[in-house]
Amino acid sequence: MEIYVVTPGDTIDGIAMKLGANAEQLIYDNQLVYPYELAVGQALFAAGERRNAARSLSAGGYAYPFISPWVLEQTLPFLSELLVFSYGFTGEGDLLPPAYGEDDWMIAEAKNFGTRPILTLTPFGLDGNFNNRLIHSVVNNEEFKANLIQNLLEIMEEKGYQGVDIDFEYILAEDRDAFTAFVQETAEAMRENGYRTSVALAPKTSSEQQGLLYEGKDYRALGEAADHVLLMTYEWGYTYGPPMAVAPLNQVRKVVEYALTQIPAEKIDLGIPNYGYDWPLPYVRGTTKAATINNVQAVRIAVENGAQILFDNVAESPYFTYSENGTEHEVWFEDVRSLLAKFELIKEYELRGCGYWQIMQWFRENWLLLQDQFFILKGI
């Protein structure tokens, strides 16, 4: 395996000659578009001879039911778990099906590839946003809590799910212990019926971290209660925030190092973003809104606008600027260099695996690199 960074004057045929590679394979692996123009600074993945990966890893990916069947079929060979997003619930603990389509076909397709289908549980209100009042209602009422757990068990048996992922965000600080108790009781009920439980954790760097995202999550207690956890190590750069890397490695490392003081490494999955953002400039807090783009699209924007892709050696993330219709833009995204840095972090700290938010867009380079670095644990 080799990562090649495009320099001025490079062509795909010339790069293939330098690397002793097949040009058509480079085009295919890197999802290049005819006439195969390249951006200076673009990172290309050049597959080498397949070898035994250094270690095994569990890989999960979140997906909505409206995912392209083709994208799902392409991705499932690289996944241990498919996390279907998502089931909701009422304040009384009645379960609500996914709002964006049927999930049965996803479950069946996952099983065809030996991938475990996982039910993702989220407290979404009618507006489609996380609602901490729903959390408060259920976790503090024994009847409602028991109702939700029983409904989860019934739908998992009916549908054929093999585990549940609890993705609750903006938990009130006053509900922290009640939420932990809910996770513990859910996990115990799941284990008794042959299922596994995971919980998604906001990216904390200390036990005393302030803020609505963090105060309701007790890393140590949740790590003990659940079978494994996902660190949501992304969204430093986000839709309404200032331009910056979505998952800067220096910040991701701080979260991992804190998590390891609270949770065993073999229970921790590293969150990985499968997207980037395009910000119009100048950035104005409360006004500027970034467009979400996929990683292939980011490179196409650079190519079409003659932009040079740069690489931030602290965040270990690619970025570039360009001008369109008189407006300056700044783009941050993921490429094989930033992904390799995250995979090396998983190896360094011997983490359980990784989890992708989300797999709705196909990014072939990522999966080829993942396969090069790890042996994916499969099996139902």
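Guide: Welcome! A residue counts as buried under 20% relative accessible area, exposed over 50%, and partly exposed in between (1.4 Å probe, protein chains only). This is a predicted model, where local features need pLDDT of at least 70, side-chain atom pairs count only at pLDDT 80 or more, and totals for chains, interfaces and linings use all residues. Residues are numbered from 1 along each chain as its sequence is written, and side-chain values use heavy atoms, leaving out hydrogens and water.

Visitor: Is Arg191 buried, partly exposed or exposed?
Guide: You can find Arg191 in helix H7, residues 176-192 (helices, H or I of at least four residues, and strands, E of at least two, are DSSP runs numbered from the N terminus). Arg191 touches Ala225, Ala226 and Asp227, not counting residues up to four places away in sequence (contact means heavy atoms within 4.5 Å). With a relative accessible area of 38%, Arg191 is partly exposed.

Visitor: How far is the C-alpha atom of Arg191 from that of Trp357?
Guide: Along the chain, Arg191 and Trp357 are 166 residues apart.

Visitor: What is the relative accessibility of Asn30?
Guide: Look in the loop between helix H2 (23-29) and strand E2 (43-46) for Asn30. Beyond its neighbours within four places in sequence, Asn30 is in contact with Ala43, Leu44, Phe45 and Glu365. Asn30 counts as buried, because its relative accessibility is 4%.

Visitor: Which residue in E15 stands opposite Asp278?
Guide: Strand E11 (residues 276-280) and strand E15 (residues 327-332) are joined in the antiparallel sense over four bridges. Opposite Asp278, E15 places Val331.

Visitor: How many of the 14 residues of H11 are buried?
Guide: Helix H11 covers residues 336-349. Its buried residues include Val336, Leu339, Phe343, Ile346 and Tyr349. H11 is largely enclosed by the rest of the structure, because the number of its buried residues is 11.

Visitor: Are H9 and H11 roughly parallel or roughly perpendicular to each other?
Guide: The axes of helix H9 (residues 249-259) and H11 come within 11 Å and cross at roughly 20° (axes are lines fitted to C-alpha atoms, for helices over the stretch in contact, and angles run from 0 to 180 degrees between N-to-C directions). Leu249, Val252, Arg253, Val256 and Glu257 of H9 meet Ala341, Lys342, Leu345, Glu348 and Tyr349 of H11. Angles under 35 degrees count as roughly parallel, over 145 as roughly antiparallel, 65 to 115 as roughly perpendicular and the rest as oblique. H9 and H11 are therefore roughly parallel.

Visitor: Which elements are included in the cover over the buried residues of H9?
Guide: The buried residues in question are Leu249, Val252, Val255, Val256, Tyr258 and Ala259. Their cover includes helix H8 (219-225), strand E9 (228-231), strand E10 (268-273) and H11.

Visitor: At what angle do H5 and H6 pack?
Guide: Helix H5 spans residues 132-139 and helix H6 spans residues 142-159, with their axes 6 Å apart. Where they meet, Ser137, Val138 and Val139 of H5 face Phe144, Lys145 and Leu148 of H6. The packing angle is about 100°.

Terms used:
Pairing = 2+ DSSP bridges. Expected span 1.5 Å × (residues − 1).
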